[in-house]
Amino acid sequence: MIAEPRTRHSLPIPGWTVLLIAVAALVMATAALTAIVAGSGPFGVMGGRPGSMMGGGPYGAASSSGMMRGLGTGSAAQPGSGGFVAGSVASPRMIRVYAGPGHAFSPSSISVARGETVTFVVTTMGPTAHEFMVGPADAVASDTPGTPEVADIEMMQAKSLTYTFDGPGPYGFACHAAGHYEAEMRGTIVLVS
Ligand SMILES: [Cu+2]
């Protein structure tokens, strides 16, 4: 009974403080949210390709630490240019490929150094599941059994495939999900010596 009036009397000051903190927190949260949206938008910092939109998703699915290492070198020099570091069996170079939306790969042309080992991390961007096959161009074109492939890559899922380009070439990649290759879902590997 004695404490009650005191509590009532002191309420207005903490009340204002709480309100101010709440407003400040709201402003900060809004700013943070805006920054996140801007930074991870479809055409954000990750090379300006779709898929950066949900950058955390695909790579969350990737299991090896090598891929995470590869992410840091995503903007590294391309084969044939100064500062380029070819992938090796011990440390493959990571190349991200987006399958879809639609029957297309992005990029559709990929440069690799002759002899290097590349880990392709393939992410499906639309509701349709895709496959990714890479190897000698004729084997890829004819869907030859035994040609390296990852299949059933579902929407926003990433699957990886490591390949060493130590043959004479030419090389290519393609999706052989029913009807996709016929719809031009294929790409070119440019061998750089
Ligand atoms: Cu496909």
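In the predicted model described here, Tyr171 stands opposite Ile189 in strand 9, where strands are DSSP runs of E of at least two residues and helices are runs of H or I of at least four, both numbered from the N terminus. Strand 8 and strand 9 run antiparallel and are joined by 4 bridges, two strands being treated as paired if DSSP finds at least two bridges between them. This is a predicted model, in which local features need pLDDT of at least 70 and side-chain atom pairs count only at pLDDT 80 or more, whereas totals for chains, interfaces and linings use all residues. Residues are numbered from 1 along each chain as its sequence is written.

Strand 9 is also joined to strand 3, in this case by 5 bridges and in a parallel arrangement, with Val112 standing opposite Leu191 in strand 9. These pairings belong to an open sheet of 5 strands, which has the order 3-9-8-5-6 and mixed pairing. Strand 3 and strand 6 stand at the edges of the sheet, and because each has a single partner strand, one side of each is left without a neighbour in the sheet. From one strand to the next the twist averages 20°, with axes taken as lines fitted to C-alpha atoms and angles running from 0 to 180 degrees between N-to-C directions.

In a regular strand the side chains alternate between the two faces of the sheet. Strand 3 has a covered face consisting of Ile110 and Val112, and an uncovered face consisting of Ser109, Ser111 and Ala113. Leaving aside residues up to four places away in sequence, Pro79 touches Phe84, Ser111, Val112, Ala113 and Val192, a contact requiring that the C-beta atoms of two residues, placed from the backbone, lie within 7 Å. Pro79 and Ile110 are 31 residues apart in sequence, and their C-alpha atoms are 9.9 Å apart in space. Pro79 counts as partly exposed because it has 18 C-beta neighbours inside 10 Å; a residue is buried if 20 or more other C-beta atoms lie within 10 Å of its own, exposed if 12 or fewer, and partly exposed in between.

The largest nonpolar core has 26 residues, and those with the most contacts inside it are Ala99, Val122, Phe132 and Phe173. Such a core is a set of buried Ala, Val, Leu, Ile, Met, Phe, Trp, Tyr and Cys residues joined through C-beta atoms within 7 Å. At least two residues of this core are supplied by each of strand 1 (93–99), strand 3 (109–113), strand 4 (117–124), strand 5 (130–136) and strand 8 (171–174). When residues up to four places away in sequence are not counted, Phe132 touches Val97, Ala99, Phe120, Val122, Glu149, Val150, Ile153, Leu161, Phe173 and Cys175.

Several backbone features were examined in the loops. Most residues other than glycine have a negative phi, and most peptide bonds are trans. A cis peptide bond joins Gly100 and Pro101, with omega of about 0°, and Pro101 is found in the loop between strand 1 and strand 2 (105–106). Another cis peptide bond, with omega of about -5°, joins Gly169 and Pro170, the latter lying in the loop between strand 7 (158–164) and strand 8. Phi is positive, near 55°, in Asp143, a residue other than glycine, which is found in the loop between helix 5 (137–141) and strand 6 (149–153). Asp143 is partly exposed, with 13 other C-beta atoms within 10 Å. Glu184, which is not a glycine, likewise has a positive phi, of about 70°; Glu184 lies in the loop between strand 8 and strand 9 (186–192) and, with 14 C-beta neighbours inside 10 Å, counts as partly exposed.

Over the protein chain, the secondary structure comes to 5 helices and 9 strands, following the pattern α-α-α-α-β-β-β-β-β-α-β-β-β-β along the sequence. Buried residues make up 25% of the 193 residues, and among contacts with a separation of 6 or more, 68% are accounted for by residues 24 or more positions apart. The chain averages a pLDDT of 76, with 61% of the residues scoring at least 70, pLDDT being the predictor's confidence in each residue, from 0 to 100. Over residues 15–24 pLDDT stays under 50, and the model has 0 contacts beyond four places in sequence for them; over residues 30–74 pLDDT also stays under 50, with 50 such contacts in the model.
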